[in-house]
Amino acid sequence: MSSLYSVFATTREILKKHGASIARCKNESQISFGYLAIAVLNTVLRPVLAKWHPLLLDYESKKPEDVSPVEHEKLWNRNQELRTELNQVRHVLLSRPVLKIVVMTR
């Protein structure tokens, strides 16, 4: 989950560093980096993190000291459900439907 959260910080850093030049579209037929990034964060990553991060944190807080974090996570009864959803996010991020998401948020 922390790697997904890091995308938010990295995006903010890029937008802050490069400013308005990457936030605005040059014309109606183009999508800016800023617009694309915010749309993906808000419609793809934020819902997954909002659902799974608290659930995983709660489960992780119950880890016995003699069990590794990796092993504990594998034992979670919702582990496969989480992995399936993360895999769906990965497919969305690596496919053209990302552009559909952006167009729908305009």
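This is a predicted model: local features need pLDDT of at least 70, side-chain atom pairs count only at pLDDT 80 or more; totals for chains, interfaces and linings use all residues.
# Chatting through the helices

User: OK, and α1 itself: what span should its 17 residues have?

Analyst: At 1.5 Å a residue they should span 24 Å, and the end C-alpha atoms of α1 are 24 Å apart, so the two agree.

User: Which residues of α1 are buried?

Analyst: L4, F8 and T11 are. They cover an arc of only 70° around the axis, which puts them on the same side of α1.

User: How come residues spaced out in the sequence end up facing the same way?

Analyst: An α-helix has 3.6 residues a turn, so residues three or four places apart point the same way.

User: And what's exposed on the other side of α1?

Analyst: Over there you'll find S2, S3, E13, K16 and K17.

User: Which helices do the buried ones pack against?

Analyst: The buried residues of α1 pack against α2 and α4.

User: Let's look at α1 and α2. Are they roughly parallel or antiparallel?

Analyst: Their axes cross at roughly 155° and come within 10 Å. Angles over 145 count as roughly antiparallel, so that's what α1 and α2 are. The crossing of α1 past α2 is left-handed.

User: Switching to α4. Where is it, and what's buried there?

Analyst: Helix α4 covers residues 79–93, and its buried residues are N79, L82, E85 and V89. They sit on the same side of α4, because they cover an arc of only 135° around the axis.

User: What do those pack against?

Analyst: Against α2, which is residues 33–60, and α3, residues 69–75.

User: Last one: where does R78 sit?

Analyst: In the loop between α3 and α4. R78 is partly exposed, with a relative accessible area of 26%.

User: Which residues does R78 touch?

Analyst: Leaving out residues up to four places away in sequence, R78 touches K51, W52 and L55. R78 and W52 are 26 residues apart in sequence, with 9.8 Å between their C-alpha atoms.

Note on methods. Residues are numbered from 1 along each chain as its sequence is written. Side-chain values use heavy atoms; hydrogens and water are left out. Helices (H or I, at least four residues) and strands (E, at least two) are DSSP runs, numbered from the N terminus. The expected span of a helix is 1.5 Å times one less than its number of residues. Buried means under 20% relative accessible area, exposed over 50%, partly exposed in between (1.4 Å probe, protein chains only). The arc is that of the directions from the helix axis to the C-beta atoms. Contact means heavy atoms within 4.5 Å. Axes are lines fitted to C-alpha atoms, for helices over the stretch in contact, and angles run from 0 to 180 degrees between N-to-C directions. Angles under 35 degrees count as roughly parallel, over 145 as roughly antiparallel, 65 to 115 as roughly perpendicular and the rest as oblique. A crossing is left-handed if the near helix is turned anticlockwise from the far one by less than a right angle, and right-handed if clockwise.
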